[in-house]
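Here's a quick briefing to read with the structure open beside you.

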Number of protein chains: 8
Amino acid sequence: MNRRPVLDLGFARLDLAREQRQGLPEVVYGPGKTDAQISAIVSGLLRHNTGPVLVTRVESATAAALCRDVDGGTYDQEARLLVWRPAPRRAFSVMVVAAGTADRPVAAEAHAVATAVGLDTSAVHDVGVAGLDRILQVRAELEASDVVIVVAGMEGALASVVGGLVRCPVIAVPTSTGYGASLEGVTALLAMHASCAAGITVVNIDSGFSAAMAAHRIAQQVKGAR
Amino acid sequence: MNRRPVLDLGFARLDLAREQRQGLPEVVYGPGKTDAQISAIVSGLLRHNTGPVLVTRVESATAAALCRDVDGGTYDQEARLLVWRPAPRRAFSVMVVAAGTADRPVAAEAHAVATAVGLDTSAVHDVGVAGLDRILQVRAELEASDVVIVVAGMEGALASVVGGLVRCPVIAVPTSTGYGASLEGVTALLAMHASCAAGITVVNIDSGFSAAMAAHRIAQQVKGAR
Amino acid sequence: MNRRPVLDLGFARLDLAREQRQGLPEVVYGPGKTDAQISAIVSGLLRHNTGPVLVTRVESATAAALCRDVDGGTYDQEARLLVWRPAPRRAFSVMVVAAGTADRPVAAEAHAVATAVGLDTSAVHDVGVAGLDRILQVRAELEASDVVIVVAGMEGALASVVGGLVRCPVIAVPTSTGYGASLEGVTALLAMHASCAAGITVVNIDSGFSAAMAAHRIAQQVKGAR
Amino acid sequence: MNRRPVLDLGFARLDLAREQRQGLPEVVYGPGKTDAQISAIVSGLLRHNTGPVLVTRVESATAAALCRDVDGGTYDQEARLLVWRPAPRRAFSVMVVAAGTADRPVAAEAHAVATAVGLDTSAVHDVGVAGLDRILQVRAELEASDVVIVVAGMEGALASVVGGLVRCPVIAVPTSTGYGASLEGVTALLAMHASCAAGITVVNIDSGFSAAMAAHRIAQQVKGAR
Amino acid sequence: MNRRPVLDLGFARLDLAREQRQGLPEVVYGPGKTDAQISAIVSGLLRHNTGPVLVTRVESATAAALCRDVDGGTYDQEARLLVWRPAPRRAFSVMVVAAGTADRPVAAEAHAVATAVGLDTSAVHDVGVAGLDRILQVRAELEASDVVIVVAGMEGALASVVGGLVRCPVIAVPTSTGYGASLEGVTALLAMHASCAAGITVVNIDSGFSAAMAAHRIAQQVKGAR
Amino acid sequence: MNRRPVLDLGFARLDLAREQRQGLPEVVYGPGKTDAQISAIVSGLLRHNTGPVLVTRVESATAAALCRDVDGGTYDQEARLLVWRPAPRRAFSVMVVAAGTADRPVAAEAHAVATAVGLDTSAVHDVGVAGLDRILQVRAELEASDVVIVVAGMEGALASVVGGLVRCPVIAVPTSTGYGASLEGVTALLAMHASCAAGITVVNIDSGFSAAMAAHRIAQQVKGAR
Amino acid sequence: MNRRPVLDLGFARLDLAREQRQGLPEVVYGPGKTDAQISAIVSGLLRHNTGPVLVTRVESATAAALCRDVDGGTYDQEARLLVWRPAPRRAFSVMVVAAGTADRPVAAEAHAVATAVGLDTSAVHDVGVAGLDRILQVRAELEASDVVIVVAGMEGALASVVGGLVRCPVIAVPTSTGYGASLEGVTALLAMHASCAAGITVVNIDSGFSAAMAAHRIAQQVKGAR
Amino acid sequence: MNRRPVLDLGFARLDLAREQRQGLPEVVYGPGKTDAQISAIVSGLLRHNTGPVLVTRVESATAAALCRDVDGGTYDQEARLLVWRPAPRRAFSVMVVAAGTADRPVAAEAHAVATAVGLDTSAVHDVGVAGLDRILQVRAELEASDVVIVVAGMEGALASVVGGLVRCPVIAVPTSTGYGASLEGVTALLAMHASCAAGITVVNIDSGFSAAMAAHRIAQQVKGAR
């Protein structure tokens, strides 16, 4: 039982063993928690774990308050991410590819989380398939990546095209951009699953966070010293 | 009232004025009609109209019976189409582009109907976006077409890619190929509507017929002598 | 590679070759972009392309700012469209037919975009099928059009009725007007696809823009000097 | 308690008071019941009630067996309806209007049930809105009816058009004809609800029976001698 | 053509013949129209027609402005209905039955519209089936009505129960009250269609207006002097 | 670890501790398993556990084979249930109430499973709410039950009505009976969740088994000697 | 008729017999009612019934007003619950288990309602299955409960895990927490129904109230002295 | 152009460069192709590529015919997979974990495809979360794997639980097992996306193939010599 301690804060039970079990402390989902709750959770994780501590989906006012409360945090506004104790960069390259400018916030979250957990992350924006040359221009970079994260809303076709170009793992993030038949991201999610490109995997709508964590799982397997 | 005669067969009311109004007689949808009913409708249209007479979605046994019954019909098995009095070919080129081999029957229907109404139709198969070179190889032919019909199931991404390559009208036909998240064509239909390629239009799932008729409407407008 | 230059603005990659490839520069979708970003994109397109530059779905405050920033722009408030360098009018007639007064904004977008790209566009409003005489009264104008764009929400029945009256291409735009069973336009979209009028095509919900672009593709094919 | 007797057959509890309460005995839904069960229910209703006894959705083999078992039954194969003791015809006219030939079985059920309960029923088929003249030709008959039942699948637009033509009650029956975007009748059902024609009412998909019963309720109110 | 004049206001085309054709002038749907537009439409209908003029879904500020603009209007705030020239009451009784207090606004619209077109309307509230005695207490009134309108959200069970109690036409109005599995009225709409009570008809979610108009169609048929 | 042994059969891992943990051995879901697999599982459970062994959804041919293979089994054809070593009846009464005769198989499964696990089970059929007297007639029995299981398809209104009549736990089982708007049980499931009767709980569509198991959980709590 | 009096307040009809029939007065659903209406209902129930009076989903401003209006009320802000005359605690233990901190308001409603009707309620938070040790740590408390209420959004997996751990009744409450594929609680609701843990029951999305009422029904059966 | 040859078979265009581009020849999806077509494709790939050639979803009769036609094929009946020239096993371990016995065919496909492309694959079955000990018993093997593929239908909760136990990549495959609320796998797909376990990725319903290909992408990245 020693192996999996849980820290009970009353309103939350921190899974302190997650860091040892999975190579990363619990990540805090911001919405629905008070500043005081987040503050207590972050402090607890900083004290009892040793790796990076992240809070996702935080608006700037909350971020400012938390940074005052707990020293050492940095805030990425576009990504809405708060980070304490980021991991040092490892030689594992992740390329975040976003179809349109409206997909930027989701791509930014993927980029910021991946960076915070130590992945060597780069990004390219606005390479939707209606102008194929834009994605073909970055083909060499895509082929040189260890993982590609494709962020696309609307019909999500970029995931299939990229999936057909590279041999590495491709993680597709459907976004809720678009209107009407886009059904707030459900169309892109379904289309990415129905993709004709073999071996693509998909995460939840708008979840740049999930894609980065999936890349983290792969990175750990590749070069992680357990 | 003279302008729009209707022929009442009891079980059906033939819109004889459609040929004059829209440049083509009524097209008969086969399913749910008896051989005798189809036979009577075809005969009526042949007698009272002068253009091509088509019956869609006909199985071979029915086709054989109808060809015995009404002289001059020809049957395209893959397209499941019966045609009497096909229109002479006009100088309007339609290219049918199908993503996968499983989309062939729908592509075949588009091809056969377009041909029967006089369009100069060609086809290319199995050019899904997971291997972009396949579609890029036929780029010149695509650019030379008056209309491109894109037939694709699963995630339907081919429509966006083709839409970005050509300047002519692109008519997308979602198909019910695929399984699971393909939702029997609904995913492809939604994805094609959410496409990032501007000015693509979409017809019903599996309806090669509708795409061909849409091409016919365009062709009429371009070079048709009313 | 010379044939398809891309202008990289960092936050966006402009597909400058689109004008040559498709007869029209990229159109900018306004939502989710800052004024500065739109301004930079518009300036880039004006400098590197020669045709009309359009920004869709722009609210009036943004429009005013952009018009101050980049000379020569005009704003259509009902259509929420910004235009620089509109194309000269060509002899290709497009009629926009709207079912109800609530469909006006979508019809206005179709009208304004079609006009901006040089089509000879007219409009008629409030001709829903519950009073058939209203649409029958404009039958002659409909029959004289090169393309008809039908804008309708609720059950979208106007598309089927118009589709049965004219021989030219009919592009249906479902709108999100209505409530309850209208499901924010999904019902009209599905109904238009299931239409009994052959050869109708459909674009995304509320996308007057897409319909105009589809008309532009047809117009180019008909009378365009490539 | 005398007012609402129930006959308990073990496998079924007959609501014998329904005839007095609602002007018609229980109608038996055939599917999922054995021949013996249907036979017992029909016999019970014939003995304890005095009005027409109906069994819906019966295939011919079952119908033949039941007619042998219980004297006096007649079977309408297209409507799949079995009737004992039909009601005498009353001066209440119901017109069943079907959009396409594929809608015939549903229209036939509406027609047969309405006739069996004593309504003066007529029918017209194949008057879909893609050829408006067909429905306009029967406008006088429509206007002379006490109730119009509109049977239509696909996009269901006929309901809106008829709703705008007549002043009497219009009962719309969506059917599962069509494919793809028709969603087995759900699209027509939603579209009929979203109709722009005021005061149309809708019944379940493929339920000619429900429409006839709704007409019966109206007829009872109008001229019924309670 | 004399029979069906249309008044073209530019932004709207009034179907002036509707009054003669259907026994009631066009009813104006308020949302999405400016005060000036509504005012012009109302004035046009008052001048060219003779029956009641109704505007639905009007908020109080708009109502006040319109009443100042066009003399003789009265406003029902709960029903959000504006009425000019209401019809005299006829001997046709409509009972509006609402399941819960949250359904009141929809019931109020049904009540106010039915009253405005001359029906003798009454209402009973809060008789949901979880306390059967409440609905059984008003059984006599229900049985004495010419039409019953059942307004219910959540699971919509009241429609089935009332449908089984009375012989007259029952018009069910699903409402968007409830949360979660209520799916904003879609569940009630589907449930009312799937009802085990024969001959119930259904109108759109939250549309007290449609139910009243359906009652009006029946009333016209019963006692209307055409 | 001693407390929770698992028996590994290769193709299946039997959770032998479930009997001790939950008061009942694992129940075997028949579909998708070969006769040999079921036989091995049943034998394993009979040997290593002491309570009743059940196999659900078994067709008669399979049942006959299994009864030959493993002594002591009995088969209930309507319920499609195989039972070995049924539990002795306890003084805990469960009443299964089914809305229509088409709901019988689901009701039969609930009845047979509840009986096999030792509950004192009775049933009443065909008491749908369109004839309220049928359910009111059995009100006393309902009030005397420890648990009521309501089995209903279509709109599922019986659950609300029963929920309002009794004080004991009510477990609602939506069934896939009905057509069209019934959406194969989804409508009833949603409607039961949206029910206005407080404290009703719901199980999966057509799962008489789940309802019986839920009753078993309650019965254990009430009078079970742990 | 004496047995089931109804108090008619005009805008509402109080089912005063519910307390005798079901062991608890009507519970008032706050949204959509004015303060004055709630006040009148509460006063009526306090006067004519003897048990606890509850108002759910009340915001604090309304709560304050009502407490001023009707003496003796207490308000639980997190649960948004108002209570008058709470029931004395009985020896029936209910454990509310919530997967994440975002599920707290729903869990709080379940806890507060269960407490108000006299159940001995406790709660544990933040025990989602991604860190199994957290739920396994409270296994003994779970096993000692008379009923467990599981509150979980997102994928709702906690219900299956708890269902497999305990023998007592498990009532699952899906919540609308999460985004994207969570579909505002619909995914959790469906997943809980499809659970592999036998005998779990489910209530409406976010309805802590329903779960508590279901527990109350069980408690009454177990130890209630009617 | 030399880099990406395409072999045109008329009915199909083989993407011969895929092997070089992605490390594996095209995989053939069997359904919808004739034996002769599959045979020609397989022969083409064997001749022009050097890696393993796979045909998925093949029934036994077809498999037998193809093995006669093209030497060297082996068939796995449970996985419905045909393989020629399987890759030698590499030191990359994949563990396939299936929730129930009904998920076996999908798990078998994942297992067979992964083995055919050279991964060191093992499997464990019937470890659903209703009996947690079953999955906890194999925890050490899970922790030792390079990738875990979780195959689960119904509510798909196993993916969350495994995702919380291991640090390596977890690929979730929803299956169409289950009935009712399982919605043929859509519920499991959505639930897996909404999972509370961070960094899980998901592939299409029933697609063991996709999961294996995703594992292959990861394996290539980890130890592949490009």
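Let's start with a strand pair in chain A: β4 (residues 53-56) and β6 (residues 81-84) run antiparallel and are joined by three bridges. Keep in mind that this is a predicted model, with scores of ipTM 0.94 and pTM 0.96. For chain A, the average pLDDT is 93, and 96% of the residues reach at least 70.

**The sheet in chain A**

- As a reminder, strands in a sheet pair through backbone hydrogen bonds, in either a parallel or an antiparallel way.

- What is the sense of pairing between β5(A) and β6(A)? They pair in the antiparallel sense, over three bridges.
- Within that pairing, A:Tyr75 stands opposite A:Leu82 in β6(A).
- The hairpin of β5(A) and β6(A) has four residues between the strands, and in this hairpin A:Arg80 takes a positive phi near 55°.
- Side chains in a regular strand alternate between the two faces of the sheet.
- In β6(A), both faces are covered: A:Leu81 and A:Val83 are buried on one side, and A:Leu82 and A:Trp84 are buried on the other.

**The sheet in chain G**

- Chain G has an open sheet of four strands in the order β3-β4-β6-β5, with mixed pairing.
- Its edge strands are β3 (28-29) and β5 (74-76) of chain G, and each has pairing on one side only.
- Strands β4 (residues 53-56) and β6 (residues 81-84) of chain G run antiparallel, with three bridges joining them. In this pair, G:Leu54 stands opposite G:Val83 in β6(G).
- Helix α2 (residues 35-48) of chain G packs on the sheet and touches β3, β4 and β6 of chain G. Its direction makes about 155° with that of β4(G).
- Helix α3 (residues 60-69) of chain G lies across β5 and β6 of chain G, at about 15° to β6(G).

**How the chains relate**

- Chain B superposes on chain C through a rotation of 180° with 0.0 Å of shift along its axis (RMSD 0.0 Å). The two copies are thus related as by a two-fold rotation axis.
- Of the interface residues of chain B, 98% are also interface residues in chain C, so the copies meet through the same surface.
- Chain G superposes on chain H by a rotation of 180° with 0.0 Å of shift along its axis (RMSD 0.0 Å). Which C-alpha of chain G is nearest the axis? That of G:Ala157, at 2.4 Å from it.
- For chain G, 100% of the interface residues are also interface residues in chain H, so these copies meet through the same surface too.
- Some chains don't touch: the nearest C-alpha atoms of chain B and chain F are 16 Å apart, and those of chain C and chain F are 13 Å apart without contact between the two chains.

**A buried helix in chain H**

- Is helix α7 (residues 157-165) of chain H buried or exposed? Nine of its nine residues are buried, so the helix is largely enclosed by the rest of the structure.
- Among the buried residues of α7(H) are H:Ala157, H:Val161 and H:Leu165, along with H:Gly163 and H:Gly164.

**Cysteines**

- How many disulfides are there over all chains? The count comes to zero.
- Take H:Cys168: the closest cysteine sulfur, in H:Cys196, is 17 Å from its own sulfur, which is too far for a bond, given that a disulfide needs the sulfur atoms within 2.5 Å.
- H:Cys168 is buried, with a relative accessible area of 2%, while B:Cys67 is partly exposed, with a relative accessible area of 24%.

Note on methods
Residues are numbered from 1 along each chain as its sequence is written. Chains are lettered from A and ligands numbered from 1 in the order in which they are written. This is a predicted model: local features need pLDDT of at least 70, side-chain atom pairs count only at pLDDT 80 or more; totals for chains, interfaces and linings use all residues. Side-chain values use heavy atoms; hydrogens and water are left out. Copies are superposed by least squares on the C-alpha atoms of residues with pLDDT of at least 70 in both. Contact means heavy atoms within 4.5 Å. Two strands pair if DSSP finds at least two bridges between them. Helices (H or I, at least four residues) and strands (E, at least two) are DSSP runs, numbered from the N terminus. Axes are lines fitted to C-alpha atoms, for helices over the stretch in contact, and angles run from 0 to 180 degrees between N-to-C directions. Buried means under 20% relative accessible area, exposed over 50%, partly exposed in between (1.4 Å probe, protein chains only). pLDDT is the predictor's confidence in each residue, from 0 to 100.
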